[in-house]
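Please look at the sequence and the structure shown here, and read the report below alongside them. It goes through the sheet, the nonpolar cores, the aromatic rings and a loop in turn.

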Amino acid sequence: MWTYPDMSPVALDLGFLQIHWYGLMYLLGFAFFWLYGSYRAKQYSEYWTPDRVSDFLFYGALGVILGGRIGYILFYDLAHYLQHPMDVLRVWQGGMSFHGGMLGVILASWWFARVKMKVPIFVVSDFVVLMVPIGLFFGRIGNFINGELWGRITDSPLGMKVYDPQLQQVVAKYPTQLLEALLEGLVLFAILWFYNRKPRPMGTTSGLFVGFYGLFRFFAEFFRMPDPQLGYLLWGWVTMGQILSLPMIVFGFGLVFWARRRCPVTRL
């Protein structure tokens with residue numbers, strides 16, 4: 001059984017400025033988006049150029065950060081932020097919701113498709129979701145370095161020994177940050193990359209991303225501890241993450257079914 005190395009959340013302390021690992025993980029995710037997106041734009045896409053990728057990255061990053069923060073506040077801990085409104089700005093301490101970030105990116109994609117490119121939204125979303133899983137991978141690594149989002153206490157060899165401040169002792173917990181980095185990051189990227197080796201009906205890539213993310217997140221929540229301010233919401237085992245992920249599963253795979261019959265085949 002491993003022992004958590006208890007890493008500092010600060011990557012570089014210059015005295016007057018602290019650079020946090022959590023922020024660096026976001027920067028790595030955005031950098032991958034630009035590099036891989038620019039490569040795909042030059043090699044494959046009939047709609048995208050590297051300049052358009054750079055333009056979208058600005059709006060997409062705003063959607064991720066604002067949507068992720070607002071989503072966490074609304075879905076997970078509204079009472080705390082009403083009492084401590086300045087904590088809204090402390091993003092380096094964590095507190096980002098994927099589901100909120102996804103809604104932010106959907107709005108950015110809709111606006112970019114309608115105003116900037118004047119194309120159907122799937123032209124944007126099918127292209128964008130290919131780069132998202134690696135950003136999720138880096139984000140979960142940031143959660144791990146921050147020592148947050150641990151799983152349940154376990155005696156499984158997959159557990160990791162970590163100090164629990166509430167119990168005031170070292171216990172073994174599932175490292176669910178790493179599980180989600182694997183499933184929502186690397187495995188999901190592999191699925192989308194494999195699927196997009198040839199032209200596909202427009203909208204199906206977006207549907208696969210939404211459906212498989214919801215499925216992987218729903219599964220990971222069985223090992224992850226719910227946020228302490230919420231606990232389990234139904235039947236002693238259903239979490240907020242599962243409630244938010246279930247509609248994603250239904251909508252995502254439903255979109256794949258619909259798009260395969262209604263949308264033209266293209267390479268994005």
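## The sheet

In this predicted model, strand β1 runs parallel to strand β4 (residues 160-164), and two bridges join them; helices (H or I, at least four residues) and strands (E, at least two) are DSSP runs, numbered from the N terminus, and two strands pair if DSSP finds at least two bridges between them. Within this pairing, W2 has M160 of β4 as its bridge partner. On to the next pairing: β4 and β5 run antiparallel and are joined by five bridges, with A172 in β5 as the bridge partner of K161. The hairpin of β4 and β5 has four residues between the strands, and Q168 there takes a positive phi near 60°.

Taken together, the three strands form an open sheet of mixed pairing, in the order β1-β4-β5. Because β1 (2-3) and β5 (169-173) stand at the edges and have a single partner strand each, one side of each is left without a neighbour in the sheet.

## How the model is read

Residues are numbered from 1 along each chain as its sequence is written, and side-chain values use heavy atoms, with hydrogens and water left out. As this is a predicted model, local features need pLDDT of at least 70 and side-chain atom pairs count only at pLDDT 80 or more, whereas totals for chains, interfaces and linings use all residues.

## The nonpolar cores

In soluble globular proteins, nonpolar side chains tend to be buried together. A nonpolar core is taken here as a set of buried Ala, Val, Leu, Ile, Met, Phe, Trp, Tyr and Cys residues joined through side-chain atoms within 4.5 Å. The largest such core has 44 residues, and those with the most contacts inside it are F33, W48, F56, F98, M117, V124 and F209. At least two residues of this core come from each of α1 (21-43), α2, α4, α5 (121-128), α6 (132-146), α7 (176-195), α8 (204-220) and α9 (240-262), and α4 gives the most, with six residues. Another core, of six residues, lies apart from it and includes Y76, Y81, M240 and L244.

Helix α4 has several buried residues, among them F98, H99, G100, V105, F112 and M117. Leaving aside its neighbours within four places in sequence, F98 is in contact (heavy atoms within 4.5 Å) with L136, F209, Y213, R217 and M248. After α4 comes K118, whose phi is positive, near 55°.

## Aromatic rings

A search of the whole structure finds 24 aromatic pairs, where rings of Phe, Tyr and Trp (its six-membered ring) pair if their centres lie within 6.5 Å, and planes under 30 degrees apart count as stacked, over 60 as edge-to-face and the rest as tilted. One of these is the tilted pair of Y59 and W111, at 4.8 Å centre to centre with 45° between the planes. This pair links distant parts of the chain, since Y59 belongs to helix α2 (residues 50-76) and W111 to helix α4 (residues 98-117), 52 residues apart. Y59 counts as partly exposed because its relative accessibility is 25%, and W111 counts as partly exposed at 31%. Both Y59 and W111 belong to one aromatic cluster, together with F33, W48, F56, F58, F112 and F127.

Charges also sit over rings, which requires NZ of Lys or CZ of Arg within 6 Å of the ring centre and within 35 degrees of the ring normal. R200 lies over the face of Y195, at 4.3 Å from the ring centre, and R261 lies over the face of F257, at 3.9 Å from the ring centre.

## The loop between α8 and α9

R224 is found in the loop between α8 and α9, and counts as buried because its relative accessibility is 5%. Its side chain makes a polar contact with the side chain of E180 (2.7 Å); a polar contact is a pair of N or O atoms within 3.5 Å, where within protein one must be able to donate a hydrogen and the other to accept it, and residues adjacent in sequence count only if both atoms are side-chain atoms. Leaving aside neighbours within four places in sequence, the residues in contact with R224 include R140, W150, R152, E180 and R217.

E221 is found in this loop between α8 and α9 as well, and is buried, with a relative accessible area of 3%. The side chain of E221 makes a polar contact with the side chain of T239 (2.6 Å).

Terms used: Buried < 20%, exposed > 50% of the residue type's maximum accessible area, 1.4 Å probe, protein only.
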